[in-house]
Amino acid sequence: MAAVPSNYHRLTESEWVETVKHFNGCALCESESVDSRWYFVPFKEGGRYCVFNVIPVCEKCATKTRVNPNYFLTDRQPGLLKIAEYVEEKINEAIGKDEK
């Protein structure tokens, strides 16, 4: 995966709406509910409030990731590959890298 660009811009509301539409619900468990914004890389570990780090989740998954940050890594999470692909795509867009 590409390095996080240092000149990122903060997530806009229109980018958030696009992200929610992309995942069509919770990015972790794929339920239809979106109750929270989850950070792929937590702030305390250098994560930022930007399009390649904010993921829509339901309240159940938000609670479980707060209690156990590794919850999303379990094979019970059908959306994990989709999240990884999305994050990589958005980072590549941010740094101007074409995947083709």
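**View 1. E30 lies in the loop that links α1 to β1.** Welcome to this predicted model, in which local features need pLDDT of at least 70, side-chain atom pairs count only at pLDDT 80 or more, and totals for chains, interfaces and linings use all residues. Residues are numbered from 1 along each chain as its sequence is written, and side-chain values use heavy atoms, with hydrogens and water left out. E30 is not a glycine, yet its phi is positive, about 70°. Most residues other than glycine have a negative phi. With a relative accessibility of 49%, E30 counts as partly exposed; buried means under 20% relative accessible area, exposed over 50%, and partly exposed in between, using a 1.4 Å probe and protein chains only. N24 belongs to the loop between α1 and β1 as well. Its phi is near 55°, again a positive value in a residue other than glycine, and N24 counts as exposed at 62% relative accessibility.

**View 2. Here is the whole protein, with 3 helices and 2 strands.** Starting from the N terminus, the elements follow the order α-β-β-α-α. Helices (H or I, at least four residues) and strands (E, at least two) are DSSP runs, numbered from the N terminus. The protein has 100 residues, of which 36% count as buried. If you look at contacts between residues at least 6 apart in sequence, 63% join residues at least 24 apart; contact means heavy atoms within 4.5 Å.

**View 3. Strands β1 and β2 run antiparallel.** Two strands pair if DSSP finds at least two bridges between them. R37 sits opposite P56 in β2. In β2 (residues 54–57), V54 and P56 point one way while I55 and V57 point the other way, and all are buried. The loop between β1 and β2 holds P42, which is partly exposed with a relative accessible area of 28%. P42 and N53 are 11 residues apart in sequence, and their C-alpha atoms are 8.6 Å apart in space.

**View 4. Helix α1 meets helix α3 in a right-handed crossing.** The axes of α1 (residues 13–23) and α3 (residues 80–95) come within 11 Å and cross at roughly 145°. Which residues make the contact? From α1 they are T19, H22 and F23, and from α3 they are K82, I83 and Y86. These residues divide into 3 nonpolar, 2 polar and 1 charged. Ala, Val, Leu, Ile, Met, Phe, Trp, Tyr, Cys and Pro count as nonpolar, Asp, Glu, Lys and Arg as charged, and the others, Gly among them, as polar. E93 is also placed in α3, and at 47% relative accessibility E93 counts as partly exposed. The C-alpha atoms of E93 and F52 are separated by 9.3 Å, although the two residues are 41 residues apart along the chain.

**View 5. The largest nonpolar core has 23 residues.** A nonpolar core is a set of buried Ala, Val, Leu, Ile, Met, Phe, Trp, Tyr and Cys residues joined through side-chain atoms within 4.5 Å. L28, I55, V57, C61, I83 and V87 touch the most other members. Two or more residues each come from α1, β2, α2 (59–67) and α3, and α3 gives the largest share, 4 residues. Leaving aside neighbours within four places in sequence, I83 is in contact with F23, A27, L28, F40 and I55.

Key. Axes fitted to C-alpha atoms, helices over the stretch in contact; angles between N-to-C directions. Left-handed = near helix turned anticlockwise from the far one by under 90°.
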